[in-house]
Amino acid sequence: MQAKSREDGRLNSKSCMKAAAATLLTLAAATAQAADIDGAAMSVAWGLPFVGMLLSIALMPLLLPQFWHHHFGKVTAGWALVFLLPFALVYGLGAAGVNLVHALLAEYLPFVILLTALYTVAGGIYVRGNLRGSPGLNTAILAIGAVLASFMGTTGASMLLIRPLLRANDNRRHQAHVVVFFIFIVSNAGGALTPLGDPPLFLGFLKGVDFFWTVRNIWGPMLFLTLALLAVFYAIDRKLMGEKGETDLPDPTPSMDVTGAPSRLGFDGRVNFVLLAVVVALVLVSGIWRTPAGIEIAGTHVGLPGLVRDLGLLAVVVLSLKLTPARVHQANEFGWGPMQEVAKLFAGIFLTIIPVIAMLKAGVDGPFGAVVRAVTNADGTPNPAMYFWATGLLSSFLDNAPTYLVFFNTAGGDPGHLMTDMALTLTAISAGAVFMGANTYIGNAPNLMVKAIAEDRGVKMPGFFGYMIWSVCVLVPLLALITWIWFL
């Protein structure tokens with residue numbers, strides 16, 4: 001019976017693979033007659049699946065936690081089909097194929113592959129030592145993370161430091177605020193100084209923005225926001241630390257390291273530091289290497305630099321898994337659950353966001369023309385303050401990378417002009433996309449990953465709207481100050 005079940009499983013797998021291959025071939029054949037969709041002619045109703053996706057992420061963990069935990073992948077697939085099937089009926093199989101393949105190959109896969117590489121490499125580094133989560137130590141870890149985020153990416157810095165930070169505070173009653181501020185600082189604001197820090201800035205780098213332009217122009221707002229957040233966090237953490245019974249929980253962190261020796265501060269899995277440098281080099285080279293070489297897949301051009309980068313990142317994932325001792329992964333409680341959750345949820349987001357981005361790209365002629373008109377003064381000059389808030393608010397709920405590109409192009413799309421005569425406008429777009437990715441859990445991919453890891457460790461994190469209460473009360477006033485100081 002078991003042999004028959006295995007054989008049936010293999011047959012079902014082969015049938016699924018054949019069906020998927022046939023579908024892709026059909027889509028590829030149909031793309032020759034497909035045309036780009038006209039966002040100006042679309043109804044806002046096409047954005048409903050995306051809204052449904054966001055509401056599912058926001059409400060289902062609160063209203064149906066058990067169902068969501070076991071079936072969030074199916075819910076995501078359901079919303080994707082709610083968009084894709086009507087889209088194929090209205091615009092044709094060719095247009096559906098073009099947009100599906102483009103979203104998969106040009107946006108989603110590079111995004112997920114980079115996140116997977118950073119998640120795997122950072123998960124293979126174990127920070128030894130049972131640190132004690134005092135206000136001073138917690139603030140120092142957040143500050144270190146802010147510095148690292150611009151050089152190893154917000155995802156890399158988040159995955160490296162979230163586990164030791166959770167261990168340091170695992171005997172405290174109040175832990176959620178530590179994770180919330182970690183998301184604010186390490187997973188978002190800290191990535192504002194270089195194109196390696198956050199995907200929107202990397203897209204700007206690919207468009208021709210100088211590598212060091214961001215650090216020259218955004219260091220002021222970034223330093224102000226980071227220092228202010230650190231000060232607010234220290235005050236809150238110190239107040240909570242003074243409460244009776246705050247540290248009365250049993251400390252689950254062992255006093256021995258993964259080798260069985262007394263726990264001392266240090267690192268295990270050091271080979272992953274080398275692999276992390278390889279990840280940074282691959283990303284950097286893919287932005288510098290200019291060549292028209294590549295392959296065409298169903299109407300999507302996959303450039304050779306991007307292909308080499310992604311294959312190299314996959315090789316890094318394999319090497320990290322093979323070279324990292326099992327005891328390091330065990331000590332880190334490394335697992336694929338958080339990465340799988342992010343990959344599934346963002347698959348739905350990247351697909352259902354297609355019509356929303358198309359309507360935004362239509363500019364003043366599209367359904368969201370009011371948004372585009374709002375960033376321009378009456379005399380036709382750009383309004384940096386409005387660019388900052390328009391880019392930021394949309395980045396809070398849409399993916400911040402394509403949102404950055406929309407407003408980059410709205411401002412003219414000429415990197416030379418934007419870096420000089422319109423430097424303040426480009427600074428506003430860049431800062432809005434990076435800083436306000438912290439406004440919601442879905443504003444930036446590391447936010448969800450950090451939340452998932454914290455919940456796996458037993459931390460009771462606020463829900464979607466609970467987190468937004470934190471961001472509205474803490475982040476928004478600081479962003480208003482940044483607007484007043486830099487963009488008015």
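This is a predicted model: local features need pLDDT of at least 70, side-chain atom pairs count only at pLDDT 80 or more; totals for chains, interfaces and linings use all residues.

In which helix is Ser158 found? I looked it up: Ser158 is in helix H5.

**Entry: Ser158**

I checked the cover on Ser158 and got a relative accessible area of 0%, so I put Ser158 down as buried. A polar atom of the Ser158 side chain lies 2.6 Å from the backbone oxygen of Thr154. Then I listed the contacts, leaving aside neighbours within four places in sequence: Phe182, Val186, Ser187, Pro446 and Val450 touch Ser158.

**Entry: the chain as a whole**

The pLDDT of the protein chain averages 83, and 88% of the residues score at least 70. Residues 1-35 are another matter, with a pLDDT below 50. Beyond near neighbours in sequence, I find 16 contacts for that stretch in the model.

For the fold, I noted 20 helices and four strands in the protein chain. Of its 488 residues, 53% are buried. I also looked at contacts between residues at least 6 apart in sequence, and 80% of these join residues at least 24 apart. The accessible surface comes to about 21200 Å², and carbon and sulfur atoms account for 68% of that.

**Entry: salt bridges**

How many salt bridges are there? My count is three. As a reminder to myself, side chains of opposite charge can pair when their charged atoms come close.

I started with Arg172 and Asp237, whose side chains meet at 2.9 Å, N to O. This pair links distant parts of the chain, 65 residues apart. Arg172 sits in the loop between helix H5 (135-168) and helix H6 (176-185), while Asp237 belongs to helix H8 (residues 213-241). Both Arg172 and Asp237 are buried.

Next I took Asp310 and Arg309, with their closest N and O atoms 3.1 Å apart. Asp310 has 12% relative accessibility and so counts as buried. Arg309, at 13%, counts as buried too.

Then I turned to Glu455 and Lys451, which form a salt bridge at 3.0 Å, N to O. Why are these two about one helical turn apart? Because they are four residues apart in helix H19. Residues three or four places apart in an α-helix point the same way, since there are 3.6 residues a turn. I compared the cover on the two partners: Glu455 is partly exposed at 35% relative accessible area, whereas Lys451 is buried at 12%.

**Entry: Thr440**

I found Thr440 in the loop between helix H18 (423-435) and helix H19 (445-456). Is Thr440 buried or exposed? Its relative accessibility is 0%, so I recorded Thr440 as buried. A polar atom of its side chain lies 3.2 Å from the backbone nitrogen of Gly443. Not counting residues up to four places away in sequence, Thr440 touches Ser396, Phe397, Asn447, Phe464, Tyr467 and Met468.

**Entry: helix H13**

I wondered why helix H13 (residues 354-361) is largely enclosed by the rest of the structure. The reason is that seven of its eight residues are buried. I wrote them down as Ile354, Pro355, Val356, Ile357, Ala358, Met359 and Leu360. Just after H13, I noticed that Gly363 has a positive phi of about 65 degrees.

**Entry: a nonpolar patch on the surface**

I then went over the outside of the model. Val51, Leu55, Leu59, Leu62, Leu63, Leu64, Phe67 and Phe465 form a nonpolar patch there, with about 720 Å² of accessible area together. Helix H2 (residues 48-63) supplies five of these residues, the largest share. I picked out Leu59, which lies in helix H2. At 32% relative accessibility, Leu59 counts as partly exposed.

**Entry: Val82**

With a relative accessible area of 44%, Val82 is partly exposed.

Conventions. Residues are numbered from 1 along each chain as its sequence is written. Side-chain values use heavy atoms; hydrogens and water are left out. pLDDT is the predictor's confidence in each residue, from 0 to 100. Contact means heavy atoms within 4.5 Å. Buried means under 20% relative accessible area, exposed over 50%, partly exposed in between (1.4 Å probe, protein chains only). A polar contact is a pair of N or O atoms within 3.5 Å; within protein, one must be able to donate a hydrogen and the other to accept it, and residues adjacent in sequence count only if both atoms are side-chain atoms. Patches are made of residues with over 30% relative accessible area and no salt bridge: like charges are joined within 9 Å, nonpolar side chains (Val, Leu, Ile, Met, Phe, Trp, Tyr) within 5 Å. Accessible areas come from the Shrake-Rupley method with a 1.4 Å probe; for residues, only the protein chains shown count as cover. A salt bridge is a side-chain nitrogen of Lys or Arg within 4 Å of a carboxyl oxygen of Asp or Glu.
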